[in-house]
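Please keep the viewer open as you read.

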Amino acid sequence: MAETTLTHTEGTAATRPDGLEGFVSDWSSDQRTFKNVPWGKAMMWIFLLSDTFIFSCFLLSYMTVRMSTTVPWPNASEVFALSFGGEPIPLILIAIMTFILITSSGTMVLAVNYGYRKDRFKTAIFLLITALFGATFVGMQAFEWTKLIVEEGVRPWGNPMGAAQFGSSFFMITGFHGFHVSVGVLFLILIARKVWRGDFDIEKKGFFTSRKGRYEIVETLGLYWHFVDLVWVFIFAFFYLW
Amino acid sequence: MTEATKHVEGQQHPIGIYIKIWGWLFVLSACSYMVDYLHVQGYLRWTLILTFMVLKAGLIVAVFMHMLWERLALLYAIILPPVLVLVFVAIMYYESIYTFVTRQLFFSVLTGA
């Protein structure tokens, strides 16, 4: 199917200027700014923007405490190493978690794609597969936390390997991210159920919002899910690889 | 056709491009893992880590989150504000250096060294 862009109310894309000129005219007064975008999607983007700032602040405070401490920082490569009987492999668990999250992003994109084709069955299946990968990720994170707390003795206020700030940064950043993943899994299951039931084919109203159910919600949910993956990219680079 | 187009409004693209980007994300993740696995250190490590990170983030936002096909009004509204966080990063960078030096000074006075 070719790419189609239509607006809901004002003018078609063809009649509106593109590029910078379009940017200026879209932001001009007395009209809806975000064209071609459903209301919910624009709001999801705004929410993600605010979430970006939250995660930025976490990573920034992590950078600040790590750079300003005079005590050596624990070596993430060794702390997160895991041995399968033989030599410990550095960061292996984190690498697997990264791949799982990327895989889930891929299945999510397929769900969004089938959602636009109104393929009820495939959309629901791919949403559920995504949820499964997400749950696996959270499970592995729980394992990682348990190992760190029980075996390595890491606490938010100190640890045997070095700077005390390691624990507080780690638990707060990965904890907040894990919470995002968990909420995402919950919503994936909820939306998968709605897709499966055919709510979006008959535009059934949501019990909470009373808004007509549309397949757009799959893309909006997709944005959230990709954002969770996006945040992990930064956590992986700054927390585990630094 | 009009009825059909009415229903496919929004972001619909061939699956091929998603699969391609998906593959690239795997490759880039493997690359950043190899940086650690092969014990690359110093400036080279930082350059590689940040390059792979920015590439991955860019691909996710551009293709998976469809920013590539959105109008500039939305793109700038979402992409520009986080870029300004870099100013905050710069401020905290100097602040943490200052704290570090102060602490070193304090501890050396304390131990009489």
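Predicted model: local features only at pLDDT ≥ 70, side-chain atom pairs only at ≥ 80, totals over all residues.

Residues are numbered from 1 along each chain as its sequence is written, and chains are lettered from A and ligands numbered from 1 in the order in which they are written.

Begin with chain A, which has 7 helices and 0 strands; helices (H or I, at least four residues) and strands (E, at least two) are DSSP runs, numbered from the N terminus. The C-alpha trace of chain A spans about 65 × 40 × 35 Å along its principal axes. Of the 242 residues in chain A, 38% are buried, where buried means 20 or more other C-beta atoms within 10 Å of the residue's own, exposed means 12 or fewer, and partly exposed lies in between, with C-beta atoms placed from the backbone. Two residues are in contact if their C-beta atoms, placed from the backbone, lie within 7 Å. Among contacts in chain A with a separation of 6 or more, 66% join residues 24 or more positions apart.

Now for the packing. Two packed helices are described by the angle between their axes and the distance between the axes. Here axes are lines fitted to C-alpha atoms, for helices over the stretch in contact, and angles run from 0 to 180 degrees between N-to-C directions. Find H2(A) and helix H6 (residues 165-197) of chain A: their axes come within 10 Å and cross at roughly 170°. By class, the contact of H2(A) with H6(A) has 7 nonpolar, 2 polar and 1 charged residues; Ala, Val, Leu, Ile, Met, Phe, Trp, Tyr, Cys and Pro count as nonpolar, Asp, Glu, Lys and Arg as charged, and the others, Gly among them, as polar.

H6(A) also packs against helix H5 (residues 120-151) of chain A, at an angle of about 155° and with the axes 9 Å apart. That makes H5(A) roughly antiparallel to H6(A). The contact of H5(A) with H6(A) has 15 nonpolar, 8 polar and 1 charged residues.

Two backbone details deserve a visit. In the loop between H1 and H2 of chain A sits A:Asn36, whose phi is near 60°, a positive value in a residue other than glycine. A:Asn36 is buried, with 22 other C-beta atoms within 10 Å. Over in chain B, B:His66 lies in the loop between helix H3 (42-64) and helix H4 (72-111). Phi of B:His66 is near 65°, again positive in a residue other than glycine, and B:His66 counts as buried, with 22 C-beta neighbours inside 10 Å.

Finally, how do the chains meet? In this model, 48 residues of chain A are in contact with 47 residues of chain B. H2(A) gives the most to the side of chain A that touches chain B, with 10 residues. By class, that side of chain A has 26 nonpolar, 16 polar and 6 charged residues.

How values were computed:
Parallel < 35°, antiparallel > 145°, perpendicular 65-115°, else oblique.
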